[in-house]
Amino acid sequence: MRKAPIASHARRWTAVFAFAIALTGCQNSESSVARGDRFWADSNYTSALAEYRLALRHHENEPDLLLRVAHAYAETGQLLPARQTYTKLLERSGEFTDQAVFDYVTLARQSFARGDRYGMASALEAALALQPGLSVPQFAAPLARYYASTGDAERALAFFERALTRQAPDSAADLELAIATIQEAQGNCREASGYFRDYLRLVPRGAKSDEARYHIGNCSLAMSRDAHKAGQLNDALALADTVIALGVPQNAQDQAWYERGEILLALGRSYDALDAFNRVLELNPLRTGQLVEKTQKRIDEVRFGAPAVPAAPPAAPAPPLPRP
């Protein structure tokens with residue numbers, strides 16, 4: 001979509017003021033519009049807004065007055081009334097859409113400069129409502145982080161992706177990590193692992209790198225279990241081995257070895273499965289806990305064969321029917 005340049009807006013306002021002077025030149029020089037224009041020329045935007053609002057009381061459907069009021073609201077940093085006034089104006093004439101978008105983007109820049117992320121997001125939402133395809137690359141990452149902080153994962157991901165496409169590959173690490181974190185929180189472990197790995201390629205060492213490895217291990221264990229249930233045994237085994245190779249999460253290593261043993265059993269590799277189950281016991285020297293009990297049971301089953309299933313006891317005879 002088009003984004004009107006600053007120069008075109010300056011020319012538009014010059015034309016608007018010239019038109020106003022022509023209209024008011026033969027009337028009372030102290031009319032509200034004339035006073036407002038004079039205040040505007042002196043950069044006294046608050047007083048100009050007051051005069052324009054006064055004039056609007058008597059000519060509420062006048063597009064030029066609505067434009068003055070809306071733009072003055074924007075110039076004085078008042079997004080909500082500016083948007084309300086622009087909405088009324090655009091209901092009457094869509095030719096001022098570019099001016100409204102320009103004002104909203106300007107307000108977004110001002111909010112961003114003073115650290116007001118809510119104001120920035122609100123202004124850009126107003127602009128994007130009028131021009132959904134508006135390109136705002138400088139705001140993509142700040143908007144993504146804002147939406148992430150509010151829990152709006154869908155919007156956050158959309159803007160992180162926009163930011164990532166415009167970022168140099170060697171400086172995209174923080175964006176990769178942010179996207180990975182959101183994807184994992186949504187349960188999309190496969191997508192999250194890909195972004196965590198991309199981050200590690202860019203930042204192989206550091207505190208956040210260790211965190212990325214932890215999350216890859218955590219996701220790999222979950223995906224291994226899912227793949228095992230789905231009968232995708234080779235994929236499941238590779239994912240379990242990923243957890244073991246990474247060594248994290250440290251407190252889930254015994255679980256990874258147990259999963260490996262179960263997968264190997266399903267693949268018919270009993271001796272390798274025994275080795276995996278024994279590693280579970282080595283990681284639990286106190287031999288306590290449900291996982292240890294399950295593991296010991298599996299070891300016994302592999303060594304001595306699965307215990308016979310006890311026969312069901314004979315059913316008790318049905319009570320005799322009462323005699324009629």
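I began with the secondary structure: the chain comes to 16 helices and 0 strands. Helices (H or I, at least four residues) and strands (E, at least two) are DSSP runs here, numbered from the N terminus.

I noted the ground rules next. This is a predicted model, so I kept in mind that local features need pLDDT of at least 70, that side-chain atom pairs count only at pLDDT 80 or more, and that totals for chains, interfaces and linings use all residues. Residues are numbered from 1 along each chain as its sequence is written, and side-chain values use heavy atoms, with hydrogens and water left out.

**Whole chain**

I looked up burial. Buried residues account for 42% of the 324 residues in the chain. Buried means under 20% relative accessible area, exposed means over 50%, and partly exposed is in between (1.4 Å probe, protein chains only).

I then took the surface. The chain exposes about 18500 Å², and carbon and sulfur atoms supply 53% of that area. The areas come from the Shrake-Rupley method with a 1.4 Å probe; for residues, only the protein chains shown count as cover.

I checked contacts, meaning heavy atoms within 4.5 Å. Of those between residues at least 6 apart in sequence, 47% join residues at least 24 apart.

**Cores**

I searched for nonpolar cores. Each is a set of buried Ala, Val, Leu, Ile, Met, Phe, Trp, Tyr and Cys residues joined through side-chain atoms within 4.5 Å. The largest has 63 residues, and Phe139 and Leu143 have the most contacts inside it. Helix 4 (residues 63-75) gives the most to this core, with 8 residues. Another core lies apart from it; this one has 23 residues, among them Ala240, Ile244, Ala276 and Phe277.

Leaving aside neighbours within four places in sequence, Phe139 touches Val105, Ala108, Arg109, Phe112, Met120 and Leu124.

**Helix 2 and what follows**

Which residues of helix 2 are buried? I found Ser32, Val33, Ala34, Gly36, Asp37 and Trp40 in this stretch, residues 32-41.

I stopped at Asp37, which sits in helix 2. Asp37 counts as buried because its relative accessible area is 11%.

Just after helix 2 comes Ser43. Ser43 has a positive phi of about 65 degrees although it is not a glycine. Its place is the loop between helix 2 and helix 3 (45-58). Is Ser43 buried or partly exposed? I have it as partly exposed, because its relative accessibility is 46%.

I looked for a cis peptide bond and noted the one from Val248 to Pro249, with omega near -5 degrees. Pro249 is in the loop between helix 13 (233-246) and helix 14 (253-266).

Arg287 is not a glycine, yet it has a positive phi of about 55 degrees. I placed Arg287 in the loop between helix 15 (270-282) and helix 16 (290-304). Arg287 is partly exposed, because its relative accessibility is 46%.

My last stop was Thr295, in helix 16. Thr295 counts as buried because its relative accessibility is 0%. What is Thr295 in contact with, leaving aside its neighbours within four places in sequence? I listed Tyr258, Phe277, Val280 and Leu281. Phe277 is also among the residues of the 23-residue core.
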